[in-house]
Amino acid sequence: MNRNEQYDRLATILKEKNDVLNDSEAVTWVEVLWEDFETTLAKAGEPYPGEAKAFQYVIQQIDAYGAQLHLFQTKNEKFKHLMSKRNLH
């Protein structure tokens, strides 16, 4: 399975946990979570354990936080696009 197929599979799992997110938002969240895993390891100087571990990390994050991801708010410009269409008030 290539990375895009993995993202799509993870997005489907995320949408099962969170029916507020649309398809595009779910894929974006998966990409953000995957990138977070890779960036955190790189910053710590840890070797990359492979895509299977990244996939498992994203699954863990979806299980823990997936139902609430649509509520995420930040001032970080990198993530603002994820909230731009949300009216949470």
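Is E38 buried, partly exposed or exposed, and what is its relative accessible area? E38 is partly exposed, with a relative accessible area of 24%, where buried means under 20%, exposed over 50% and partly exposed in between, computed with a 1.4 Å probe on protein chains only. This is a predicted model, in which local features need pLDDT of at least 70 and side-chain atom pairs count only at pLDDT 80 or more, while totals for chains, interfaces and linings use all residues. Residues are numbered from 1 along each chain as its sequence is written, and side-chain values use heavy atoms, with hydrogens and water left out.

Next select R3, whose side chain meets that of E38 in a salt bridge at 3.4 Å, N to O (a side-chain nitrogen of Lys or Arg within 4 Å of a carboxyl oxygen of Asp or Glu). R3 sits in helix 1 and E38 in helix 2, 35 residues apart (helices are DSSP runs of H or I, at least four residues, numbered from the N terminus).

With the three selected, you have R3, E38 and E51 linked in a network of salt bridges.

Finally, select Y7 and W34, both of them buried. They form an edge-to-face aromatic pair, 5.3 Å centre to centre with 80° between the planes (ring centres of Phe, Tyr or Trp, the last by its six-membered ring, within 6.5 Å; planes under 30 degrees apart count as stacked, over 60 as edge-to-face and the rest as tilted).

Methods: Helix = DSSP H or I, 4+ residues; strand = E, 2+ residues; numbered from the N terminus.
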